[in-house]
Amino acid sequence: MTTTHGASHGQGPFIAAIDQGTTSSRCIVFDRDGRIVAVDQKEHEQIFPKPGWVEHDALEIWRNVEQVVAGAVEKAGITAADVKAIGITNQRETTLLWDKNTGEPVHNAIVWQDTRTDALCKELGRNVGQDRFRRETGLPLASYFSGPKVRWLLDNVEGLRERAEAGDILFGTMDSWVIWNLTGGVNGGVHVTDVTNASRTMLMNLRTLAWDDRILSSMEIPAAVLPEIRSSAEVYGTAKGGALEGVPVASALGDQQAALFGQTCFDQGEAKSTYGTGTFMLMNTGGEPVQSYNGLLTTVGYRIGDQKPVYALEGSIAVTGSLVQWMRDQMGLIKSAAEIETLASSVEDNGGAYFVPAFSGLFAPYWRSDARGVIAGLTRYVTKAHIARAVLEATAWQTREITDAMTKDSGVELTALKVDGGMTSNNLLMQTLSDFLDAPVVRPMVAETTCLGAAYAAGLAVGFWPDTDALRANWRRAAEWTPRMDADTRDREYKNWLKAVERTMGWIDDES
């Protein structure tokens, strides 16, 4: 008998998760302990037709998905029979329309970062402005979301509106495109999305979890193009063809929600923060959507089968990891990202310096596009080590501001912050976070929390794991930091930080 590579991970069965991301697609095979058995990944092209426009070739993405699924299955040394379910997670808001009879996209996918719908969003705001659909959708009118992107395509692709109204065109975010193709495409492919992805289109009512007719008519989008909205953990169909033929497709979650799920934030007040180039923080707010008056988004966290949905508040920070890169590439103060920790650790404190990286304005909770970055509090005493420390503190203070906004909106105190992403390898940053938040900060064993979340949800749907308690038992901490800063110091430093933030505002005048 020959042993396969998979045998070293104990016997199956396994769960496969597909992560269709902004820059690449990958597939990870997980075992029952939530450990990674195999990974395969492939990048796709970023297409920039004009300044501010970003597109992807959806056919290239689907070919890559097929390849990474086959690759991961082969590396694991297993067959489709060993895999109990497939979970999907995806870059959110990226928008595609395709012909249901040929399977051909009518245009490249318009990526979430694309700003071509700016003018349309202003027009849709009419006399009400940014908050026109916020009560129903939890979102401000912004080029970020899918609804206006659909409208742009219908207005700008020759003959498309007629085809859409005739029922020949399907709309989907990338979860829908992957599921439709996985389950047969033109031969009976299932046209669905889940509540988390639907909540980012600006077309779904947060309370009813159904498409909102009033918004559809305001945006002039025919209902015929829309997928059916399903829960985040249920069997949508089975894979036809490919390396996982016959395996149930059993979950879909937008990437940030998948990370919330993978971090097992199943209780109200539990939050996760993903520290990459920028930072996304989500807090579980329980069974009711919480309106934000403090610059956050209200979104669906997840929904398991026919259970009640769980809602979340989401805050985003534009510049976190990219500030460290800026210190390295533009300033030349460090040679590698890891070096910032060594440099910052060489001093006791920030020496009185504060760095607010409002490079492209301030995001949550301010939303001020007239702001620009400042370093405040400089004296002759300050060295580059103090600046390095101020750089790390900037990420921690910005997180604190979002946490405060979440508490103000929801009345729920943060109990603990679970963290993932590249910056979590910086131990000084993690301790600083805990100090500034006055809460424990916890980093998990499996850093791939986005894929893990999709796998967990799919496993729940098919009974591979019995319930969320089993998932919690599965989730293992690698490290935890607890606050070591006294309250007086924290309050004084926070006050100084907020003073520095004020100094960034109004830098860009209206006329420019």
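How many of the 6 residues of strand 15 (residues 270-275) are buried? In this predicted model, 6 of the 6 are, so strand 15 is largely enclosed by the rest of the structure. In a regular strand, side chains alternate between the two faces of the sheet. Both faces of strand 15 are covered: Glu-270, Lys-272 and Thr-274 are buried on one side, and Ala-271, Ser-273 and Tyr-275 on the other.

Strand 15 also has pairing partners. With strand 21 (residues 416-420) the pairing is parallel and comprises 5 bridges; in that pairing, Glu-270 has Ala-416 as its bridge partner. With strand 16 (residues 279-286) the sense is antiparallel, again over 5 bridges, and Leu-282 of strand 16 stands opposite Lys-272.

Strand 14 (residues 248-254) holds Ser-251. This residue counts as buried because its relative accessibility is 0%, against a cut-off of under 20%. A polar atom of the Ser-251 side chain lies 2.8 Å from the backbone oxygen of Ala-454. Beyond its neighbours within four places in sequence, Ser-251 is in contact with Ile-86, Gly-87, Ile-88, Ser-232, Glu-234, Tyr-236, Ala-454, Ala-457 and Ala-458.

Helix 10 (residues 321-329) has buried residues at Gly-321, Ser-322, Leu-323, Val-324 and Met-327. The buried residues of helix 10 pack against helix 11 (339-345), strand 19 (354-356) and helix 12 (384-410).

Note on methods. Residues numbered from 1 in each chain as written. Predicted model: local features only at pLDDT ≥ 70, side-chain atom pairs only at ≥ 80, totals over all residues. Heavy atoms only, no water. Helix = DSSP H or I, 4+ residues; strand = E, 2+ residues; numbered from the N terminus. Buried < 20%, exposed > 50% of the residue type's maximum accessible area, 1.4 Å probe, protein only. Polar contact = N/O pair within 3.5 Å; in protein donor to acceptor, adjacent residues only side chain to side chain. Contact = heavy atoms within 4.5 Å. Pairing = 2+ DSSP bridges.
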